[in-house]
Amino acid sequence: MSVTETQWLRTRRFLERNRFELGVAAAGDYGDDGRFFGTPLLTRPSFVPPGPIPLDAIELTLDARPAARPTSREYGAVLPAGERYRDYSDAYRELAAPRVFDNRETYRLTSADLATAPGRLGFGLGRYFDGIDTGEAAAHAFAARRRGEDPGRIRDRFADPRDLSARPVNVAVSALTLRRDASTGDAEFFLHWRDPEKVGHAGGLFQVVPSGVFQASGEGAWNRDNDFSLVRFLAREYAEELGGRAEEYDNGDRGIDYAAWPFARDFLAHLSGGGIRAWCVGLGVDPLTYATDLLAVLVFDAAVFDSLFGGVVSENDEGRVLAGLPFTAAEVTRLVARERMQAAGAGLLAAAWHHRSIILA
């Protein structure tokens with residue numbers, strides 16, 4: 001359906017101002033079944049391992065054949081009238097684009113089985129705007145419905161957002177970062193406030209850090225194959241979001257040399273040596289935006305963390321990083337129950353606390 005640009009932008013602003021409340025309300029559409037550890041995050045049995053599984057043991061497969069998809073308008077999204085608005089990203093870029101808004105190639109999630117060890121994830125190829133053109137369009141539709149406007153048909157089209165075959169699914173790898181002091185047994189973690197002026201998704205909410213859409217470091221098959229690794233991806237994300245290093249990976253047609261890059265070399269060596277333990281606790285889908293997150297917990301020995309990062313940055317390209325918070329029942333409960341947390345972050349904190357005896361062993 002079509003509206004005027006002014007009407008579309010008014011609803012978009014309503015979505016941005018009320019994203020947390022709309023997300024909680026959207027979760028109500030799905031009942032209590034399939035909630036990840038009682039949070040608004042949606043899941044299904046095949047998305048949840050019986051306990052934490054090693055992140056680097058999960059088997060990944062990639063089908064690089066191109067895949068087409070309908071436009072947002074064909075899906076039934078609410079868009080401004082006009083031939084130039086075929087996708088939600090067209091309107092977003094024209095009328096309300098954030099600072100970071102690039103349509104980069106992504107690894108598109110097509111299948112997931114984490115309930116059977118060691119866990120398996122299947123991928124094809126997609127684009128970053130696939131998530132904008134489906135998930136943000138669906139969030140806009142929910143906001144329109146709350147305002148008493150016609151929501152279009154897109155949320156009906158995706159009746160079960162956990163169905164990976166129904167839409168193109170960009171998956172983010174979201175990691176709860178724990179700095180553990182072996183001498184005391186205490187741990188602290190870090191959160192990220194996502195600045196709505198900088199990001200195209202989940203602006204104004206708190207999230208674990210790092211968190212980013214699983215994608216290669218740049219265009220080209222050499223990067224696509226070289227970067228198709230969860231731990232290599234996290235090395236880049238940690239360098240950027242906690243280390244404050246620029247996202248600059250111009251390596252011609254060779255791709256990143258992870259063995260020669262000092263940060264990645266040390267990060268991966270500590271993963272192999274036990275100074276960093278990386279776990280996966282599940283996969284979940286946001287009830288408002290359909291954003292899909294692979295949920296990881298990385299536990300750093302304090303000395304290893306300090307050697308890699310020194311002082312954690314307070315600002316990055318997507319928002320503000322909070323100082324370390326104590327990993328305690330009171331802090332986890334406060335954040336999960338009362339703060340404006342992204343659904344994936346709330347689910348991840350709840351799961352990590354539930355599994356703390358394994359994760360912190």
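Colleague: Which residues in α2 meet α5, and which ones in α5 do they meet?

Modeller: On the α2 side there are R19, L22, A25 and A26, and they meet E136, F142, A143 and R146 in α5. Contact here means heavy atoms within 4.5 Å. Helices (H or I, at least four residues) and strands (E, at least two) are DSSP runs, numbered from the N terminus.

Colleague: What kind of model is this, and how are the residues numbered?

Modeller: It's a predicted model, where local features need pLDDT of at least 70 and side-chain atom pairs count only at pLDDT 80 or more, while totals for chains, interfaces and linings use all residues. Residues are numbered from 1 along each chain as its sequence is written, and side-chain values use heavy atoms, with hydrogens and water left out.

Colleague: Back to α2 and α5, then. At what angle do their axes cross?

Modeller: Roughly 90 degrees, with the axes of α2 (residues 19-27) and α5 (residues 128-146) coming within 11 Å. That makes α2 roughly perpendicular to α5. Axes are lines fitted to C-alpha atoms, for helices over the stretch in contact, and angles run from 0 to 180 degrees between N-to-C directions. Under 35 degrees counts as roughly parallel, over 145 as roughly antiparallel, 65 to 115 as roughly perpendicular, and the rest as oblique.

Colleague: How do the residues of that contact divide by class?

Modeller: The contact of α2 with α5 has 5 nonpolar, no polar and 3 charged residues. Nonpolar covers Ala, Val, Leu, Ile, Met, Phe, Trp, Tyr, Cys and Pro; charged is Asp, Glu, Lys and Arg; the others, Gly among them, are polar.

Colleague: And α1 with α2, how do their axes cross?

Modeller: At roughly 85 degrees, and the axes of α1 (residues 5-17) and α2 come within 5 Å, so these helices are roughly perpendicular to each other. R12, F14, L15, E16 and R17 of α1 make the contact with R19, E21 and L22 of α2. By class, that contact has 3 nonpolar, no polar and 5 charged residues.

Colleague: I clicked on T11 in α1. Buried or exposed?

Modeller: T11 is buried, at a relative accessible area of 1%. Buried means under 20%, exposed over 50%, and partly exposed in between (1.4 Å probe, protein chains only). Leaving aside neighbours within four places in sequence, T11 is in contact with H140, A143, A144, R147 and E149. The C-alpha atoms of T11 and F142 are separated by 9.8 Å, though the two are 131 residues apart along the chain.

Colleague: Which residues of α4 are buried, and what covers them?

Modeller: In α4 (residues 88-95), they are Y88, S89, D90, A91 and Y92. Their cover includes α1, α3 (72-75), β4 (79-80) and α5.

Colleague: Zooming out, how many helices and strands are there?

Modeller: The protein chain has 13 helices and 16 strands. Its C-alpha trace spans about 60 × 50 × 40 Å along the principal axes, and 55% of the 361 residues count as buried.

Colleague: Where are the cis peptide bonds you flagged?

Modeller: One runs from A117 to P118, with omega near 5 degrees, and P118 lies in the loop between β5 (105-113) and β6 (120-127). Another is from V209 to P210, also with omega near 5 degrees.
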